[in-house]
Amino acid sequence: MGVSKQDSRGHFKMGESFHEQLRIDSRFLKTDQRLDTELVDKLILQLNRIYPQILTDKEASKFRDLDVPTCVRLAELLNHLQEKGEEACREFYRALHLHVEDVYFSLPTRLRLRGPFFFLSCFSVAVGAALLYYYGESKQVSGSSSALGLAAMGLSRKVRDVLIWYTEDGK
């Protein structure tokens, strides 16, 4: 098991254990409305069928009991997996990635791993959209096509294609 280290702000560094990541992500997972009964059941079945040493049939039945609210079952499952250790936590993340990719990529530990380039690219898209809106509203401004063309240079391919299409269509 890897050793997790915190920086001065209490954030965990790259290479933290899955156990620590699950501890951090648990609060988010317990409140995320996308994890409904069906998705929680899929996660439980994945862990039970593929990794019965992590989640036995008896444990899976307990966590799939529909008489217990989904949020309670999920909280108990997350606690159970943390008690089972590193391997159980890792397999939970694999199941989550497989069945609920949008939740997986919005986890606090995943967002932190994206780093500054991810946020810089999001900012670039916002600036490009603002330029598109601004120059789309003022048709009298000359050179708007070249400004949009320059704005498209630092963006992803799909956004760049839209901006270039817009500038060519506006001529």
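Mentor: A crossing of two helices is called right-handed if the near helix is turned clockwise from the far one by less than a right angle, and left-handed if anticlockwise. The structure to which we apply this is a predicted model.

Trainee: Is the crossing of α2 and α5 left-handed or right-handed?

Mentor: The axes of α2, residues 37-50, and α5 come within 9 Å and cross at roughly 130 degrees. The two helices are therefore oblique to each other. By the definition above, the crossing of α2 and α5 is right-handed.

Trainee: Which residues of α5 make the contact with α2?

Mentor: The residues of this contact divide into seven nonpolar, two polar and two charged. On the α2 side stand Leu39, Lys42, Leu43, Gln46 and Leu47. Facing them from α5 are Glu91, Phe92, Ala95, Leu96, Leu98 and His99.

Trainee: Is Glu91 buried or exposed?

Mentor: Glu91 is found in helix α5, and its relative accessible area is 2%. The cut-off for a buried residue is under 20%. Because 2% falls under that cut-off, Glu91 is buried.

Trainee: With which residue does the side chain of Glu91 form a polar contact?

Mentor: Not counting residues up to four places away in sequence, Glu91 touches Leu47, Tyr51 and Ile54. The polar contact, at 3.0 Å, joins the side chain of Glu91 to that of Arg94.

Trainee: At what angle do α1 and α5 pack?

Mentor: Helix α1 spans residues 18-31 and helix α5 residues 86-99, with their axes 9 Å apart. The crossing of α1 and α5 is left-handed. They pack at an angle of about 50 degrees.

Trainee: How many residues of the contact of α1 with α5 are charged?

Mentor: Helix α1 contributes Phe18, His19, Gln21, Leu22, Asp25 and Leu29. Helix α5 contributes Glu86, Cys89, Arg90, Phe92, Tyr93 and Leu96. Of these residues, seven are nonpolar and two polar, and the number charged is three.

Trainee: Among contacts between residues at least 6 apart in sequence, what percentage join residues at least 24 apart?

Mentor: The protein has 171 residues, of which 36% count as buried. For the contacts between residues at least 6 apart in sequence, the share joining residues at least 24 apart is 57%.

How values were computed
Residues are numbered from 1 along each chain as its sequence is written. This is a predicted model: local features need pLDDT of at least 70, side-chain atom pairs count only at pLDDT 80 or more; totals for chains, interfaces and linings use all residues. Side-chain values use heavy atoms; hydrogens and water are left out. Axes are lines fitted to C-alpha atoms, for helices over the stretch in contact, and angles run from 0 to 180 degrees between N-to-C directions. Helices (H or I, at least four residues) and strands (E, at least two) are DSSP runs, numbered from the N terminus. Contact means heavy atoms within 4.5 Å. Ala, Val, Leu, Ile, Met, Phe, Trp, Tyr, Cys and Pro count as nonpolar, Asp, Glu, Lys and Arg as charged, and the others, Gly among them, as polar. Buried means under 20% relative accessible area, exposed over 50%, partly exposed in between (1.4 Å probe, protein chains only). A polar contact is a pair of N or O atoms within 3.5 Å; within protein, one must be able to donate a hydrogen and the other to accept it, and residues adjacent in sequence count only if both atoms are side-chain atoms. Angles under 35 degrees count as roughly parallel, over 145 as roughly antiparallel, 65 to 115 as roughly perpendicular and the rest as oblique.
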